[in-house]
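User: I'd like to go through the salt bridges and one of the helices here. Can you take my questions in turn?

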Amino acid sequence: IGNAGVCLLLHLFGLVPIRNTAFTVHFLIVLTIAVSSWEFWKSAVRRKETELRWTFLGAAAIYLTGFFSIILYHLGALRPANSTPLFAWGLLVLMLCMTLDAVSSVSRFWKQKDFIDHYRRLAVQDRMTMLQNRNAFQLRLKELSAAVPECLAFVVFDLDNLKVINDQRGHHVGDQAIYSVARCIQEHFEALGQCY
């Protein structure tokens with residue numbers, strides 16, 4: 001791009017005709033196509049980073065149209081003004097491919113967000129009772145110690161004979177007892193505060 005800019009300035013100041021700079025600029029464009037295609041290949045294909053898969057294909061399309069228009073120009077089969085439709089088709093393919101990558105990225109983002117939300121809930125919620133767990137309670141205690149409220153009360157419940165229930169009737173019945181007590185606590189106290 002820098003060299004093309006220098007060539008354009010030389011032409012604008014009347015030092016070199018634009019036709020004499022075409023070979024140098026075209027050589028640099030072909031070199032850029034080769035290098036960027038290789039870099040795209042390394043990142044998007046070899047490393048299996050599929051985020052830019054469609055963009056890679058779109059870039060390849062525009063590179064190919066540019067490459068063919070340069071070849072046709074040097075063979076005398078294409079005047080510079082007639083290369084525009086080739087680039088337009090290449091740009092259209094590139095834009096469509098980049099749109100596919102963007103849609104794919106947004107879709108991946110929402111899936112990851114759902115996973116993060118799910119694991120965040122698991123970190124602070126007891127799976128069996130669906131009440132907040134010890135982690136959530138300790139986080140709340142830290143918040144309370146930073147800004148102590150004027151009025152605060154803790155109500156603690158203990159389920160008697162849980163070991164006897166587990167031993168005599170099985171752990172599934174013990175789990176059901178814990179779940180039933182949790183529902184009762186939540187039903188009566190959730191309107192007043194947080195249940196853990």
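Predicted model: local features only at pLDDT ≥ 70, side-chain atom pairs only at ≥ 80, totals over all residues.

User: How many salt bridges does a search of the whole structure find?

Analyst: A pair counts when a Lys or Arg side-chain nitrogen sits within 4 Å of a carboxyl oxygen of Asp or Glu. Searching the whole structure on that basis, the count comes to four.

User: Which helix holds both D117 and K113?

Analyst: These two form a salt bridge, with their closest N and O atoms 3.0 Å apart. They are four residues apart, about one turn of the helix. The helix spans residues 84-124, and that's α4.

User: Is D117 buried or exposed, or something in between?

Analyst: Buried needs under 20% relative accessible area and exposed needs over 50%. D117 comes out at 24% relative accessibility, so the label is partly exposed.

User: Are D167 and K163 buried or exposed?

Analyst: Their side chains meet in a salt bridge at 2.9 Å, N to O. Both lie in helix α6, four residues apart, about one turn of the helix. To get the label, a residue needs over 50% relative accessible area, and both D167 and K163 are exposed.

User: How far does α7 reach from its first C-alpha to its last?

Analyst: Helix α7 covers residues 171-189, which is 19 residues. At 1.5 Å a residue you'd expect 27 Å. The model comes close to that, with a reach of 26 Å.

User: Within what arc do the buried residues of α7 fall, seen down its axis?

Analyst: The buried residues in α7 are G174, A177, A182, I185 and Q186. Looking down the axis of α7, they line one face of the helix, because they all fall within an arc of 165°.

User: Which exposed residues does α7 carry on the face turned away from its buried side?

Analyst: On the buried side, the cover includes α6 (162-169). Turn to the face pointing away from there and you find the exposed residues of α7, H172 and E187.

Key
Residues numbered from 1 in each chain as written. Heavy atoms only, no water. Helix = DSSP H or I, 4+ residues; strand = E, 2+ residues; numbered from the N terminus. Expected span 1.5 Å × (residues − 1). Buried < 20%, exposed > 50% of the residue type's maximum accessible area, 1.4 Å probe, protein only. Arc of directions from axis to C-beta. Contact = heavy atoms within 4.5 Å.
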